[in-house]
Amino acid sequence: MRFSVLSFAALSAAISSVAAIGELGFDLGVKVASGDCKYTADYLSDFETIKSYTDIVRVYSTSDCNTLEYLLPAVKQAGMRVFIGVWPTDDSHFALDKQALTTYITEVDASSIVGITVGSEALYRGDLTPSALADAINEVRDLVHAIDGYESVPVGTADSWNILVDAANSAAVTASDVVLANAFSYWQGQTMANSSHSFFDDIMQALQTIQTAKGSTDISFWIGETGWPTEGQSYESSIPSVDNAATFWQESICAIRAWGINTLVFEAFDETWKPETSGVEGTEQHWGLFAEDGVSPKYSLSCNF
Ligand SMILES: *[C@@H]1O[C@H](CO)[C@@H](O)[C@H](O)[C@H]1NC(C)=O
């Protein structure tokens, strides 16, 4: 592995209150290959594949594809846990997501809900100001905590590591019980040789800034998205391949979990319905740990802890 001693010492200090190996979960798409929405049976089939690796999945919206309505019965039946996403923009989408959240959340026990994230890279895209996002987080917390039995479900947000390190965004962090930081060495155009170093450096900076903003090391922190594509065009010095994804898994994902950082990997399954992004044709569809209809992972998902 390649990282500086200084980074590791600082990271170690930053997470000194954490002893255990970080948890693992997978980000999960809500559409099948045709682009149609998944139903409960599709989620059950996903969980059949996933559950020997993790019991945690994350979704991004409650109302798109009627996600919560169809997902939560599968979560309950398969004994999974879930990060539920609420989409805070625009106002009508936010209203639909709040409605679906309060309608369906009681389908599973509060103990099955790892957290609720309001927004996914909303600040990165400039969809909301930090204070408007903080208001949305507080509004969702009030709604959920008013439901009997759900008073301690953590509510927060997810954004890119470089947004979270910017003190101008701290209102969203201080409003959060749980913060998810996304970091993709691929999208930073890193060589495979430097990807682990870059990843640790990014996450360490995000974690330290969040701890400073919260005035505490006792916060719930997750990597919200990371991973490496297995096919598609290169981005600067980053080359998609199964071998590179396997290397990133070992040197970055396993390694940061070994330092106690909870990690959600983007993403469980390939999403071939996704449109192309100009310049990186063939990449967006191939971030899956499993092929779309796969039952075996594309490469080993074990870690040597
Ligand atoms: C490797 O990653 C570090 C941390 O992100 C960065 O400062 C450095 O410039 C990178 N090195 C190369 C050769 O890109």
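Ile-116 stands opposite Val-155 in S5, and the two strands concerned, S4 (residues 113-120) and S5 (residues 155-160), run parallel and are joined by three bridges. Strands here are DSSP runs of E with at least two residues, helices are runs of H or I with at least four, both numbered from the N terminus, and two strands pair if DSSP finds at least two bridges between them. The model is a predicted one, in which local features need pLDDT of at least 70 and side-chain atom pairs count only at pLDDT 80 or more, while totals for chains, interfaces and linings use all residues. Residues are numbered from 1 along each chain as its sequence is written, and side-chain values use heavy atoms, with hydrogens and water left out.

The pairing of S4 with S5 belongs to a closed barrel of eight strands, running S1-S2-S3-S4-S5-S6-S7-S8 with parallel pairing. From one strand to the next, the twist averages 25°, where axes are lines fitted to C-alpha atoms, for helices over the stretch in contact, and angles run from 0 to 180 degrees between N-to-C directions.

One leads from Thr-89 to Asp-90, with omega near -10°, and Asp-90 is found in the loop between strand S3 (81-86) and helix H4 (91-104). Another joins Phe-266 and Glu-267 with omega about 0°, Glu-267 lying in the segment after strand S8 (262-265).

Cys-65, in the loop between strand S2 (56-58) and helix H3 (67-78), has a phi near 60°, a positive value in a residue other than glycine.
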